[in-house]
Amino acid sequence: MTVTSASSMSNVGEDAQLLDTIERWTMRELKPIVREYDHADRYPAIVVEQMKELGLFGATVSEEYGGLGLPATTYSKMIMIISSVWMSVTGIINSHLMLALAIEKFGTPEQKAKWLPKMVSGEVRGGLALTEPDAGTDLQGIRMTARRDGSDYVINGTKTWITNGAEGSCFALLVKTDPQAQPRHKGMSLFIAPKQKGFTVGRKLEKLGYKSIDTAELVFEDYRIPADNLIGGVEGQGFYQATSGLELGRINVAARGVGIAEGALKLAADYAQTRRTFGKPICEHQAIQLKLGEMATRARAARLLVLDAAAAFDRGDRCDMEAGMAKYFASEAALENSIEGMRIHGAYGYSKEFDIERLYRDAPLTCIGEGTNEMQRIIISRQFINRNPAI
Ligand SMILES: Cc1cc2nc3c(=O)[nH]c(=O)nc-3n(C[C@H](O)[C@H](O)[C@H](O)COP(=O)(O)OP(=O)(O)OC[C@H]3O[C@@H](n4cnc5c(N)ncnc54)[C@H](O)[C@@H]3O)c2cc1C
């Protein structure tokens with residue numbers, strides 16, 4: 001995807017070939033190991049190396065910087081395929097690509113030349129560090145400060161819930177450069193923050209699901225970086241820069257939701273055709289048919305909403321409402337399909353020897369990440385009213 005225009009979208013045939021490669025890689029390399037890694041909560045370093053070879057750390061970065069330059073539609077389909085088997089590994093690239101997007105979209109020419117090629121190769125990996133212990137949805141309430149000191153900035157504060165926080169080496173760090181500014185967002189800036197003296201990992205957070213990928217608390221104590229690391233070189237733009245990537249971020253999370261919803265449907269449909277009760281496969285009992293019918297419809301509707309939002313994004317249209325709808329619907333579909341899939345498995349849905357329990361633990365994250373579903377409905381409603389003024 002080009003960040004701003006569809007003119008350099010990659011060729012449709014090439015994208016189909018890439019998706020085919022991703023499908024085969026997912027089935028051959030990810031499926032056999034997912035259960036073991038997930039239960040051990042072990043970081044899949046081997047998968048990271050494979051993703052480097054596939055070029056996935058530059059999936060949405062322009063070809064000019066060595067990336068694949070995928071349009072959002074192709075990228076979403078790729079995320080759907082991987083998430084239908086192992087959602088966690090998509091987080092390793094999604095958050096990283098949000099960091100790269102912020103630099104490509106808003107960075108100075110020097111920042112792009114310095115950081116993007118290393119991010120595309122996966123040599124530098126990271127994510128977005130926005131959330132703090134006291135500020136998630138209300139991002140303008142963050143407390144982390146950056147104080148100018150000669151040609152440097154000195155940063156103090158704590159971030160939490162940061163994906164790739166322990167394994168990553170560089171983050172887009174949202175701070176207050178003017179804590180007194182009103183409105184609050186005018187005092188916010190975004191920095192490229194590599195790990196070095198003054199930047200430590202506080203602790204890795206234990207989670208219900210979304211295992212194998214690290215989510216961490218990051219601590220900054222008199223962390224000193226050159227002013228050259230201020231994205232775009234101008235203070236006060238950080239809130240806009242951080243949130244402008246959210247549309248693509250929401251399409252990404254929505255695509256993960258589709259993957260889980262479709263994965264749960266596949267597991268449930270397979271199980272329902274082999275498990276027999278009262279002399280027939282359970283898929284021939286009407287109660288199970290009603291569930292499968294609803295699951296299949298939800299998964300399909302979610303897929304179409306995501307592709308609709310991705311197409312709007314690729315055209316360069318405003319798509320906050322479309323991305324919000326896709327994110328809200330697809331993540332709720334993931335949650336509902338994983339629960340229904342579990343029910344269809346009976347006792348075996350509760351067993352760690354079957355995959356459906358992982359989807360059930362992974363699904364709720366999609367309702368929280370990149371803006372909670374409560375906020376999505378508010379965004380959808382506001383935008384709907386804006387686009388439909390009463391006459
Ligand atoms: C596994 C995981 C990975 C994450 N990765 C990252 C990451 O890489 N980088 C990062 O910066 N953050 C990350 N996050 C943080 C995530 O973005 C936040 O958790 C999310 O934005 C919600 O913030 P919060 O948890 O502080 O909830 P709060 O903001 O405290 O909200 C609590 C509840 O109140 C509701 N609520 C809040 N305000 C309103 C309102 N105005 N109207 C209606 N309802 C409202 C919310 O919807 C929610 O239900 C991650 C979180 C998780 C769980």
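Biologist: Which residues of β4 are on which side?
Modeller: C170, A172, L174 and K176 are on one side, with F171, L173 and V175 on the other. Both faces are covered, and these residues are all buried. In a regular strand the side chains alternate between the two faces of the sheet.

Biologist: What does β4 pair with, parallel or antiparallel?
Modeller: With β1 the pairing is parallel, over 4 bridges. With strand β5, residues 188-194, the pairing is antiparallel, over 7 bridges.

Biologist: Where does L173 sit in that?
Modeller: L173 is the bridge partner of A129. L173 also stands opposite F191 in β5.

Biologist: OK, other strands. How do β2 and β3 pair?
Modeller: Strand β2, residues 145-149, pairs with β3 in the antiparallel sense, over 5 bridges. T145 stands opposite N156 in β3.

Biologist: How many residues are between the strands in that hairpin?
Modeller: There are 2 residues between β2 and β3, and in this hairpin G150 takes a positive phi near 65°.

Biologist: Changing topic: the ligand. Which residues come nearest?
Modeller: There are 21 residues around the ligand, and L130, G136, T137, T163 and T372 come nearest. The elements that give two or more residues to this shell are β1 (126-129), β3 (152-163), α11 (356-368) and α12 (373-387).

Biologist: Which domains does the shell draw on?
Modeller: Domain 2 (127-242) and domain 3 (245-387) each supply at least three residues.

Biologist: And how many of the shell residues are nonpolar, polar or charged?
Modeller: The shell has 9 nonpolar, 9 polar and 3 charged residues.

Biologist: You listed α11. Which of its residues are buried?
Modeller: I356, E357, R358, L359, Y360, D362, A363, L365 and T366 are buried in α11.

Biologist: What do they pack against?
Modeller: The buried residues of α11 pack against α2 (34-40), α8 (246-274) and α10 (320-344). After the helix comes E370, with a positive phi near 60°.

Biologist: What is the domain assignment for the chain?
Modeller: The assignment gives domain 1 (12-125), domain 2 (127-242) and domain 3 (245-387). The centres of domain 1 and domain 2, taken over C-alpha atoms, are separated by 23 Å. Their contact takes 22 residues from domain 1 and 23 residues from domain 2.

Biologist: Which helices supply the domain 1 side?
Modeller: α2, α5 (88-106) and α6 (109-121) each supply at least two residues of the side that touches domain 2. α5 gives the most, with 10 residues. By class, this side of domain 1 has 11 nonpolar, 7 polar and 4 charged residues.

Biologist: Last thing. What is the mean pLDDT?
Modeller: The protein chain has a mean pLDDT of 95, and 97% of its residues reach 70 or more.

Biologist: Where does pLDDT stay under 50?
Modeller: Over residues 1-9, for which the model has 26 contacts beyond four places in sequence. Where pLDDT is low, the predicted coordinates should not be read in detail.

Methods:
Residues numbered from 1 in each chain as written. Predicted model: local features only at pLDDT ≥ 70, side-chain atom pairs only at ≥ 80, totals over all residues. Near = placed C-beta within 6 Å. Nonpolar A, V, L, I, M, F, W, Y, C, P; charged D, E, K, R; others polar. Domains from an automatic or database assignment. pLDDT = per-residue confidence, 0-100. Contact = placed C-beta atoms within 7 Å. Buried ≥ 20, exposed ≤ 12 C-beta atoms within 10 Å, placed from the backbone. Pairing = 2+ DSSP bridges.
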